[in-house]
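Hi,

Here is the structure for your files. My notes on the helices follow below.

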Amino acid sequence: MAALAGKVALVTGGSRGIGAAIVARLARDGADVAFTYRNAEDRAKSVVAEVEASGRRSLAICADSGDAAAVTGAVDRTAAELGRLDILVNNAGVFPYGEVDEVTLAELDATLAVHVRGVFLASQAAVRHMKQGGRIISIGSCFAERVPYAGVALYAMTKSALIGLTRGLARDLGPRGITATVVHPGSTDTDMNPADGEGADHERSFIAVGQYAAPADIAATVSHLAGEGGRYITGTAISVDGGFAA
């Protein structure tokens, strides 16, 4: 039997990059998977088709994780239409770049809304549907552990917040049999940060193994945590960064 057979997952920001890889891997491992997307409807349809081709159910929900009502609505809709909710993967993200004196109040608020408020609200909504064995997995960043160059203070701050939230969730939800973890990806080959893009060689210089991750590398760890292998892992962060933070 597939490791996640009978489970239902929701992945925020699941139409591209790491999110799409997570959706595909959870479906391959037996879960029915809903996901949110903000735009790029064609990509979302493609991800749905890939999941359904594997024999699993899928649901694409247009929802901005920076919109409180939209993100909680996506959680409730997943549980209503797919019948339950066992796994939440908080993946949706933005990448603000600029030195601290360049960051605007609007950028600050927008980044906090997606990376912190949206994750909190999605998690809060999800636990109302989860039973024993539920999983909350948030996608952080290697910058939460190490910041080797300028311009990412806002991004690093908001991703670091997930560590504190996850520890608190672990304490609150442990007695209910629900675990909470963070996965910190390093440089990963996506359309937002291609391994052959400008600045990629500079990023590789910080990575112990000297190469970018594939999105599937991050998805493999998420799937492990979502299944039986994650039953005794909670309140902690796991780096999948090729030694970036070593």
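Buried means under 20% relative accessible area, exposed means over 50%, and partly exposed is in between (1.4 Å probe, protein chains only). Helices (H or I, at least four residues) and strands (E, at least two) are DSSP runs, numbered from the N terminus.

The model is predicted, so local features need pLDDT of at least 70 and side-chain atom pairs count only at pLDDT 80 or more, while totals for chains, interfaces and linings use all residues. Residues are numbered from 1 along each chain as its sequence is written, and side-chain values use heavy atoms, with hydrogens and water left out.

Start with α5. Its buried residues include L154, Y155, A156, T158 and K159. Their cover includes α4, β5 (135–139), β6 (179–185) and β7 (236–240). A153 lies in α5 (residues 153–173). A153 is partly exposed, at 44% relative accessibility.

Next, α4. T111 sits in this helix (residues 105–127). T111 is buried at 3% relative accessible area. Beyond neighbours within four places in sequence, T111 is in contact (heavy atoms within 4.5 Å) with V94, P96, V116, L154 and T158.

Last, the α3–α4 packing. Helix α3 (residues 68–82) meets α4 at about 35°, with axes 9 Å apart. Axes are lines fitted to C-alpha atoms, for helices over the stretch in contact; angles run from 0 to 180 degrees between N-to-C directions. On the α3 side, the contact is made by A68, V71, T72 and V75. From α4 come R117, G118, L121, A122, A125 and A126.

Best wishes
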